[in-house]
Amino acid sequence: MTSSDHILPESINIETSQDEVPLQQLTEKKLSCQNIKRFDSLDLESSRVPHAKKAAEWSMILQLAFQSIGVVYGDIGTSPLYVYSSTFLNGIKHEDDILGVLSLIFYTITFIPLIKYIFIVLRANDNGDGGTFAIYSLICRYAKVGLIPSQEAEDRDVSTFKLELPDNATLRASKLKSKLENSKFAKFLMLIATMLGTSMVIGDGVLTPCISVLSAVGGIKEAAPKAMTEERIVWISVAILILLFTFQRFGTDKVGYTFAPIICVWFSLNAAIGLYNFVKYDPSVVKAINPKYIIDYFKRNKKDAWISLGGVVLSITGTEALFADVGHFTVRSIQISMCFVTYPALILTYTGQSSFLRKNPNDVSETFFKSIPHGVYWPMYVVAVFAAIIASQAMISGTFAIIQQSLALGCFPRVKIVHTSTKHHGQVYIPEINFLLMLACVAVTFGFRTTAKIGNAYGIAVVFVMTLTSSLLILVMIMIWKTHILLIIAYALVIGTVELVYLSSVLYKFNQGGYLPLAFAMFLMLIMCVWNYVYRKKYYFELDHKISPEKVKETIDETNSQRLPGLAIFYSELVHGIPPIFKHYVENVPCLHSVLAFVSFKSLPISKVPVEERFLFRWVQPSDLYVFRCVVRYGYNDVRHEQEDFEKILVEKIKEFIREYCLFSVAIKSHRLSMERIKQLEKIDSGINNIGARKAAEEEDSDTKQVEIIKGEKEENFASLVEKEIGVVERACCAGLVHLVGEHEVIASKGSGFTKKVIINYAYNFLKRNLRQSNKVFDIPHKHMLKVGMTYEL
């Protein structure tokens, strides 16, 4: 942003109370020339001392840990419903194959959800928020790999923007950072990979409800095989899915409290039944902890063993929800619930099932329900149905979270974000996405009808997102954490190899349903790429045609615009300069309000911006134009204009800025006079006793009198100056306030290629017409709103 013509003392604290103005302290303070620095007047707001974020109390952490059981672990917790049946599709050929698969399940759950996600990936959260876009935002803050040139030096002054590095910059990190920043291909590749990962997670959010509910409802065939046909199971599953998505509007908070007790009961019953089966059937399965059985399993079955990994990987479905949903809770709460509830329960459950199968290998297709003792079958069935419904919640909540992040970063069309909790800002609900997810789930359930077919599709989405997260995490380890190179290599070899082997296995089933998540991902990728492409083109168009602050007076004079009483707020996404729509407006409406405020909404690559650091201001010169530029900065999880009067807040912030601006103006004038006096005294002390020196001394005495006048009359001068300037703003507000919103018609420029015309003229404009307009997103009151139309030829 262009620098102002005013210089400000570096050491001035602007958090001073408005009632006590320390003008004397400012004027009497000795400041050397080296301590004076040229600032943009936006620095007045951006240099505020941030308030440290209070650590969550343990009572709150335990409360969130309880809630997380009902939201985060439903998916991975219901995997025992279908893992063994999906792994042994052709039956069990050797009894030791059960030990080999149990060993695979044990080490997969230990390495991926527990070690990788709970103890490593959760550390890469973005100020408490997780998901693919959170890691991407983290990297964007450290290295300039974003494709929108809206970065400002002031952004790094936001307390949540700063990165706490464990060590000084290393040569390895600097080289990688430099390569990323200088490679346009690398920037596009990172953005595309992030979009693809996000699309896969959303695809996972479609498949999870389908496979979980179908698996649980299908269990009734064990008790009534004739009455429950496949058709009836499908219809019951669809009805349950519709009820689940209808329940989302109540928010994660209520959903978590409602579902958490059920999942706790589910884990308790599973662990108890697993322990019972372990003791009753074959306690010797405990030897599966020896990885030798995995090697033997592959030796015996070769290619079939490799294909069966597509079933084993279903034991960690929903693991990405651990990271995507961390914004709904906290890192510590998820770590506690995983280590003390979920992980032990899952290990006991799979161990008990393997013990049962050692004695009943022919029941592998219905392992879960066959292994339930007859006395608790119906209670367990009811809990299983509820648990399967809840399993869907993990990925649905994760889908809402990552779409909110991608929306704020200009990678998704505008949708309505509803914040469902006043305590936890990460808990959101998106009506449009909820409805589309419901339609997709119903269509998949009707189309595939069985868990075996959905399982083939499910694995690809799960493993691909995990692999992408590992790739981005390695960049974080190198550039931000400065992890030792041997640890990075160990992570890549162990975790990376495991995930790539699983990915190769699930891709083998591409033509058996594996194409579905990729089809979902490609469709969503198309939408995100179209939106982001035009979003960037629009920004560069405004940047190229912006009006510099110095040209504002010239523009107003050229059009002979008359000033009317009132305050006009121009909304724009352009941060650097004044948008071209202002000139377009002035040329067609030769009347301007007495006070103008150009408000730019800017999303920073962080989750939240503290309220006291949100507004940045600059007074466009000459000051008698009363034109202000304002940048309102939000994180991708911040609430925009909900339950707050943005007009009143903006006006109050302008008044605060005027007070501080006047304070500095008076202080700097006094400081300059003091500096001139010091220089003259230095000349006199050096023995230069001539007429020029005496004349200078006389001038110095005159300056001293001016300083004394300023000191003596500082309160009166400051008060009158502030009263005059704020009075102009208050009179303008009383006269009326109008919101001016740009209604941009976007078309491809003449001579554009066929592809560009299709993307801009048809695809983008179709999305724009059928989604929310900017005034609805920002909750601008209709009766005070005026839309200004302008065509952008991109």
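## Strand β8 and its partners

In this predicted model, Leu 596 stands opposite Val 627 of strand β8. The pairing to which this position belongs joins strand β6 (residues 591-603) to β8 in the parallel sense, over 8 bridges. Val 627 also has Val 620 opposite it. Strand β7 (residues 615-620) runs antiparallel to β8, and 6 bridges join the two. The hairpin of β7 and β8 has 6 residues between the strands, and in it Tyr 626 takes a positive phi near 55 degrees.

Strand β5 (residues 562-572) runs parallel to β9 and is joined to it by 5 bridges. Within this pairing, Leu 567 has Leu 737 of β9 as its bridge partner.

The pairing of β9 with strand β10 (residues 785-793) is also parallel and has 9 bridges. Here Leu 740 stands opposite Leu 786 of β10.

## Nonpolar cores

The largest nonpolar core has 157 residues, and Tyr 73, Trp 266 and Ile 334 have the most contacts inside it. Helix α19 (residues 451-481) gives the most to this core, with 18 residues. Apart from this core lies another of 32 residues, among them Val 586, Val 620, Ala 748 and Ile 760. Val 620 is also the residue that stands opposite Val 627 in β8.

Beyond its neighbours within four places in sequence, Trp 266 is in contact with residues from separate parts of the chain numbering: Gly 77, Thr 78 and Leu 81, then Phe 368, and then Met 380, Val 383, Ala 384 and Ala 387.

## A residue of helix α19

Ser 471 is found in helix α19.

## Cavities

Rolling a probe the size of a water molecule over the atoms shows where empty space is left. A search of the whole structure finds 7 cavities of 30 Å³ or more. The second largest cavity has a volume of about 60 Å³.

Its lining consists of Asn 270, Ile 273, Gly 274, Asn 277, Thr 349, Gln 353, Phe 368, Ser 371, Ile 372 and Met 380. Helices α11 (251-280) and α15 (331-359) each supply at least two of the lining residues, and α11 gives the most, with 4 residues. The lining divides into 4 nonpolar and 6 polar residues, with no charged ones. Phe 368 and Met 380, both part of this lining, are also in contact with Trp 266.

## The chain as a whole

The protein chain has 28 helices and 10 strands. Of its 794 residues, 57% are buried. Among contacts between residues at least 6 apart in sequence, 86% join residues at least 24 apart.

Key: Residues numbered from 1 in each chain as written. Predicted model: local features only at pLDDT ≥ 70, side-chain atom pairs only at ≥ 80, totals over all residues. Heavy atoms only, no water. Core = buried A, V, L, I, M, F, W, Y, C linked by side-chain atoms within 4.5 Å. Buried < 20%, exposed > 50% of the residue type's maximum accessible area, 1.4 Å probe, protein only. Contact = heavy atoms within 4.5 Å. 1 Å grid on protein atoms, 1.4 Å probe; cavity = no way out; pocket = protein on both sides within 12 Å on 5 of 7 lines; lining within 4 Å. Points joined across faces, edges and corners; volume = space filled by probe spheres on them. Nonpolar A, V, L, I, M, F, W, Y, C, P; charged D, E, K, R; others polar. Pairing = 2+ DSSP bridges.
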